[in-house]
Amino acid sequence: MSKIKTLKNVDVKNKRVLVRVDFDVPMDDQLNIVDNSRIKGCLSTFEYLIKQKAKIILISHTGRPNGKKDKKLSLKSIVGELGKLLNKKILFSSEIFGVKVKEKIKKMKFGDILLLENIRFWKQEEQNDQEFAKKIAELGDIYINESFAVSHRKHASIVGIPQFLPSVAGFLLEKEIEELDKILKKPMKPLVAIIGGAKIETKIKVINKFLKIADKVLIGGALANTIFASQGIAMGESKIDKESFGEVKKINLKNHKLFLPIDLGIWDGKNVIYRDVGSLQWFEKALDIGPKTIHLFNDIILKSKMVVWNGPLGLIGQKPFDRASKELIGVIDKGGIYAVVGGGDTNAFINEIGKKEIFNWVSTGGGAMLDYLSEGTLPGIEALRE
């Protein structure tokens, strides 16, 4: 299989460089950025391109506008934050191809940055329309993928543009691949995978992959609720995904490496209580794993050398159902374990409680991380192959 070229393998000096980034960052009602981690992750690539005197044209999306223009999802809201981080004026274009944009680029000085409007305002992006990709490709001489989080999508700006331009991976994408390959190709043993969250259909493949390559696989969150309910275990009013019961059959639940909760944190409508799995009342909701399970999981994690974690173990936005996820982080910290984490909810949680620094790598992707770990590649990465 041919290798992927990276940013330092290509001459960008005095070139027009198209950079696909992911500025899909959380914002409040006043459109203030709540977490700028994804923007910060690209700064080393921008600084390198500025130093190399390239004209930098940024392509991104935010939200799901479904091919329609929406002021609330305009990337104009990003200009101020990006300018502040780089201490530089950022240019903006409300168009993403055509004569006006070409004129703007022509007038740019080398080292300038132009941010294009939300590419998902055009439905051709998600359709991977080839003519659309070609029109955008005409704006540049080189294409850089710096958007790991969207590289599992077969969209025009991810897999279309590379068909028309020399294409390489940016520093962030390169680092994502390097860190996730440590898990897939050279894991430190014992390796423990922790899979939580809600959507089981997106995690079947990665659970099965880790049942092959990891020493232990720990399951929590609403994922576990669905697995229990599919086995006929009463889960009361807990969040479950009945439509995925068929998918659960694809997991070997008898595999000795697989660990499910043995007790659960319950909300009975008035109080928090803990119950063993199988003893929930019809009106109760499981919102976290219980203390016996926390003790079991912590013991397993402390004996590991490498941990990969995707998805919270409980309803982390509501105390005390963030208990298990908090304790898990504490154990990783205490054990000095090599740890990689990913997923929007999980990343937001570790940022909120100020524990990002204890992880060796915080992936910018959730779905992309899961797909990479289960497949060993992504469509956006394959599009960069020579």
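The charged end of lysine 55 sits over the ring of phenylalanine 110, 5.1 Å from its centre (a charge sits over a ring if NZ of Lys or CZ of Arg is within 6 Å of the ring centre and within 35 degrees of the ring normal). Keep in mind that this is a predicted model, where local features need pLDDT of at least 70, side-chain atom pairs count only at pLDDT 80 or more, and totals for chains, interfaces and linings use all residues. Residues are numbered from 1 along each chain as its sequence is written, and side-chain values use heavy atoms, with hydrogens and water left out.

Now for rings meeting rings. Searching the whole structure turns up five aromatic pairs (rings of Phe, Tyr and Trp, the last by its six-membered ring, with centres within 6.5 Å; planes under 30 degrees apart are stacked, over 60 edge-to-face, the rest tilted). Two of them, including their geometry, are below.

| Pair | Centre to centre | Angle between planes | Type |
|---|---|---|---|
| Tyrosine 48 and phenylalanine 171 | 5.4 Å | 75 degrees | edge-to-face |
| Tryptophan 309 and phenylalanine 359 | 6.3 Å | 35 degrees | tilted |

Tyrosine 48 is in helix α2 and phenylalanine 171 in helix α7, so this pair ties together parts 123 residues apart in sequence (helices are DSSP runs of H or I, at least four residues, and strands of E, at least two, numbered from the N terminus). Tryptophan 309 is buried at 0% relative accessibility (buried is under 20% relative accessible area, exposed over 50%, partly exposed in between, with a 1.4 Å probe and protein chains only), and phenylalanine 359 is buried at 7%.

On to α13: Thr346, Asn347, Phe349 and Ile350 are buried there, while Gly344, Asp345 and Glu352 are exposed on the other side.
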